[in-house]
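Visitor: Hi! I have this one open on my screen and would like a walk through it. Could you help me find my way around?
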Amino acid sequence: LVGNGIRVAPRGQPSRLFLPGPPGPAPRPARPAMASAQGPRPRRPPPQENDPLGPEELEVLAAAKRSMGDDLMGLPQDIVVQFLRGYDDEPDWVNHTVRMLQGVGQWRARERCDAILDPASAPPGRARF
């Protein structure tokens with residue numbers, strides 16, 4: 001036994017370092033069930049990337065525009081479609097998707113994601129590198 005509870009293999013055996021703690025990765029905590037008056041949404045086959053938005057997806061998009069404005073906080077269209085389709089199995093699809101879109105819009109604004117590739121926003125001396 002070495003300090004802090006770390007064990008090493010006995011003499012004559014292959015060298016190994018044994019750290020205290022549970023073996024293997026820790027189990028993932030169970031995801032809490034989301035309450036919904038509608039109950040769980042039925043699974044449907046995922047659409048192809050280039051498929052136009054379906055009627056249900058258009059309803060969620062309209063709700064997002066009502067909540068976030070017609071420009072959806074300037075989010076790129078591909079992100080909007082990913083969020084519309086990515087959360088379609090949530091029990092409260094509309095509200096969950098709108099909350100997630102608002103969160104990513106706020107994060108992109110805070111991190112100035114749209115300005116990262118703008119040459120005018122490059123740090124001084126960038127050309128040297």
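Visitor: Of the contacts with a separation of 6 or more, what share comes from residues 24 or more positions apart?
Guide: In this predicted model, residues 24 or more positions apart make up 55% of the protein's contacts with a separation of 6 or more.

Visitor: And what elements are there, in what order?
Guide: The protein has three helices and two strands. Starting at the N terminus, the order is β-β-α-α-α.

Visitor: Before I go on, what is the mean pLDDT?
Guide: The mean pLDDT is 78, with 67% of the residues at 70 or more. Residues 29-36 have a pLDDT below 50, and beyond near neighbours in sequence that stretch has seven contacts in the model.

Visitor: Okay, let's do the helices. How do H1 and H2 pack?
Guide: Their axes are 10 Å apart, at an angle of about 115°. On the H1 side the contact is made by Glu-57, Val-60 and Leu-61, and on the H2 side by Val-80, Leu-84 and Arg-85. H1 passes H2 in a right-handed crossing.

Visitor: What about H2 and H3, at what angle do they cross?
Guide: H2 and H3 cross at roughly 145°, and their axes come within 9 Å. H2 brings Ile-79, Val-80, Phe-83 and Leu-84 to the contact, while H3 brings Trp-93, Thr-97, Met-100, Leu-101, Val-104 and Arg-108. The crossing of H2 past H3 is right-handed.

Visitor: Leu-84 keeps turning up. Is it buried or exposed?
Guide: Leu-84 counts as buried, because its relative accessibility is 0%. This residue lies in helix H2. Leaving out residues up to four places away in sequence, Leu-84 touches Leu-53, Glu-57, Val-60, Leu-61, Trp-93 and Thr-97.

Visitor: How far apart are the C-alpha atoms of Leu-84 and Glu-57?
Guide: They are separated by 6.4 Å, although the two residues are 27 apart along the chain.

Visitor: Which other residues of H2 are buried?
Guide: Besides Leu-84, the buried residues of H2 are Ile-79, Val-80, Phe-83 and Arg-85. H1 and H3 are among what covers the buried residues of H2.

Visitor: Now H3, which of its residues are buried?
Guide: Those are Trp-93, His-96, Thr-97, Val-98, Leu-101, Val-104, Gly-105 and Arg-108. Their cover includes H1 and H2.

Visitor: What does Val-80 touch?
Guide: Not counting residues up to four places away in sequence, Val-80 touches Leu-61, Leu-72, Leu-75 and Leu-101.

Visitor: So where is Leu-72 found?
Guide: Leu-72 is in the loop between helix H1 (55-68) and helix H2 (77-86). Its phi is positive, about 50°, though it is not a glycine. Most residues other than glycine have a negative phi. Leu-72 counts as buried because its relative accessibility is 6%, below the 20% cut-off.

Visitor: And Met-73, what is its phi?
Guide: Met-73 has a positive phi of about 60°, and it is not a glycine either. Met-73 is found in the loop between H1 and H2. Its relative accessibility is 36%, so Met-73 counts as partly exposed.

Visitor: Last stop, the other loop. Is Asp-88 buried or exposed?
Guide: Asp-88 counts as buried, because its relative accessibility is 11%. This residue is found in the loop between H2 and H3.

Key
Residues numbered from 1 in each chain as written. Predicted model: local features only at pLDDT ≥ 70, side-chain atom pairs only at ≥ 80, totals over all residues. Heavy atoms only, no water. pLDDT = per-residue confidence, 0-100. Contact = heavy atoms within 4.5 Å. Helix = DSSP H or I, 4+ residues; strand = E, 2+ residues; numbered from the N terminus. Buried < 20%, exposed > 50% of the residue type's maximum accessible area, 1.4 Å probe, protein only. Axes fitted to C-alpha atoms, helices over the stretch in contact; angles between N-to-C directions. Left-handed = near helix turned anticlockwise from the far one by under 90°.
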